[in-house]
Each structure stands twice: as structure tokens, then as C-alpha cells.
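Here is a friendly walk through one protein. Take a look at the sequence and the 3D view, then read on.

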Amino acid sequence: MTRRGLVLGGGGVAGIAWETGLLAGLSESGVQAADADRVIGTSAGSTVAAQLTSGVPLQELYDRQADPALQTRELVADLDPAVAEQMFGAALQEDTDPAALRRRIGALALAAPTVSEAERREVIEARLPVHAWPETDLRIVAVDAATGEPRVFDRESGVGLVDAVAASCAVPGTWPPVTIGGARYIDGGVRSMENADLASGCERVLVLKAMTVPDVHELDDQVAALRAEGSTVTVVEPDEASLEALGINPLDPAVRGPAAKAGFAQGQALAVLLAVFWR
């Protein structure tokens, strides 16, 4: 079995900051989660995964989130929970088949008015300090908007790292689907917010769950399946202080500093608990 797997879930720019802060807090306290043998990133987690495996020091990555002077440019997006619930709730009511549901969400994403792919890609390019795939086993999840089929990108996929991350972060209805090889891809969170099942075969799996979606429980099933295979799994969610810092709009760039700092403090607090697990 692969020794250690790190699963980084979705959660918008707020989730990027919190996950980065938490990993930096763990590192500061001696727990090097960046040493994972397999890293799985979905949506926001794909950004963190690409940054974490870039070779750039984790302290620098943390500073890029916590210090407003070092933060990269982000487009402001208004995520209206009521509109999102209406859009996705209608799809959920009409389709119980997961693939059919993903196709319906993909159709909504393809029809939605958004900024251009080029403008959005510039944001992703600026987020990533290195644009080449690492030697680490990095896996990034997206979904084909037309077919509803998941796609897992890695260094052998023939797809550039920036494009893979942009696809995984293409929130339906907010950001444009990403064109890769003639197909259009949307957020990997449409398949699963964490995609922890891709850590199958890892002895130990650390999952960072930045966001909880009401009535969505696939992570519980994925963790149960991993444990049934013999993996030891720990799931970390935002604590009370982190939840307050994350706020109600995960796409609000203004929360990056507070979310990163709350994540850092939470990582330090968890270090003793996780040190034995991750050794």
C-alpha cells in the first residue's frame, strides 16, 4: 500500500486559505503533511494541492494567503445560497442518478453567463507559483460538463497543471467551464467535495474538509469504504474559530487573511493529536 494520502476538499478561496493555514500550522509544530505520498485535490483543494507540491516553502504559501500585500488577484463572485439551492435543488429533485445529476448541473453551467475562460485562467495562473506538474503523485478531479463523467488529471494525463486546476475550480454558474481537448470541464466537487475514495490503497489518509454541504454525506461513505480496506483515516473540519473566519461566502476574497490565520491556529492545536497518526 501507498503509505500516506492527503485529501484536500473544496471550499472556495476561503477554503484555500484555511487549508493552507492549517497545513502551515501543522508544519510549524512538526507535522509535515506536505510529505504525503499521494495528494488528491478537488476544487479549492486542487489549488492547495498544486501549491503544496510545487516546492515553494509552506511558510511562503501561508504568507500569500495571510498577508493582504502578498495575496494574488481574485475575481469577486457573489455566491447567493438561495439561487444555488434553487439551481441545484431542482436538479436533485429531478435526477437521483449521480451521472444524470452531474449532466444536468453541467448543462446549467454551460448555459450560465460568466467571465471569459481567459480572464478566469489568469487568476489560476497567478495562484500557482509553479505551473509544471510535480513528481509527487498529485491527482486533480474535474467533471465533464456534457457527459457527467469524472476526470482525474495527473502528470501522465497530457493536460497542463493550470488547466487541470482551473477545471477543478470551475464552480457551476459562477466560473466558466474549462475547455480541454475539445471537452468542457466543471468543478470536481460536482462529483464529490473531497473525492476521498481516490486515496484507496493508502495506509493512512488525512482529509481536510473545508466545507459542509447540507444533506450531502458521500464523504462518510468514502471514509467507511477506506477503513474497510484497511486504511486509517482522519478527517479534519474547521473548528468554531475557523468557521467564524470562513464566513458565509466561500468565494469572498476578503476572508483569506482571517481564514488562513484561524487555520494556522487550528493546525497548531491539532499537531499533538496528528503527530502520531502521520509519522
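Two residues are in contact when they have heavy atoms within 4.5 Å of each other. Keep in mind that this is a predicted model.

A second, separate core of 13 residues includes Cys 202, Val 205, Val 207 and Val 223.

Leu 206 is also among the residues with the most contacts inside the largest nonpolar core, together with Leu 6, Leu 23 and Phe 153. That core holds 58 residues. Domain 1 (53-190) and domain 2 (192-264) both contribute residues, so this core lies between them. In soluble globular proteins, nonpolar side chains tend to be buried together.

The C-alpha centres of domain 1 and domain 2 are 17 Å apart. In their contact, 17 residues come from domain 1 and 13 residues from domain 2.

Together the two domains bury about 1300 Å², with 60% of it on carbon and sulfur atoms. Five residue pairs are in polar contact across this interface, while the count of salt bridges between the domains is zero. On the side of domain 1 that touches domain 2, helix H3 (58-66) and strand E3 (137-144) each supply at least two residues. H3 gives the most to that side, with three residues.

## A covered helix

Is helix H2 (residues 44-52) mostly covered or mostly open? Helix H2 is mostly covered, as nine of its nine residues are buried. Among them are Ala 44, Thr 47, Gln 51 and Leu 52.

## Charged pairs

Side chains of opposite charge can pair when their charged atoms come close. The whole structure has nine salt bridges. In one of them, Arg 127 and Glu 74 meet with N and O 2.7 Å apart. This pair links distant parts of the chain, 53 residues apart: Arg 127 is in helix H6 (residues 117-127), and Glu 74 is in the loop between H3 and helix H4 (81-94). Arg 127 has a relative accessible area of 5%, so it is buried. Glu 74 is buried too, at 13%.

Asp 163 lies in helix H7 (residues 161-168) and Arg 121 in helix H6, so the pair ties together parts 42 residues apart in sequence. Asp 163 is partly exposed at 21% relative accessible area, and Arg 121 is partly exposed at 30%. Elsewhere, Arg 38, Asp 137 and Arg 139 are linked in a network of salt bridges.

Note on methods. Residues are numbered from 1 along each chain as its sequence is written. This is a predicted model: local features need pLDDT of at least 70, side-chain atom pairs count only at pLDDT 80 or more; totals for chains, interfaces and linings use all residues. Side-chain values use heavy atoms; hydrogens and water are left out. A nonpolar core is a set of buried Ala, Val, Leu, Ile, Met, Phe, Trp, Tyr and Cys residues joined through side-chain atoms within 4.5 Å. Buried means under 20% relative accessible area, exposed over 50%, partly exposed in between (1.4 Å probe, protein chains only). Domain bounds come from an automatic or database domain assignment. Buried area is the accessible area (1.4 Å probe) that two parts lose on being put together, summed over both. A salt bridge is a side-chain nitrogen of Lys or Arg within 4 Å of a carboxyl oxygen of Asp or Glu. A polar contact is a pair of N or O atoms within 3.5 Å; within protein, one must be able to donate a hydrogen and the other to accept it, and residues adjacent in sequence count only if both atoms are side-chain atoms. Helices (H or I, at least four residues) and strands (E, at least two) are DSSP runs, numbered from the N terminus.
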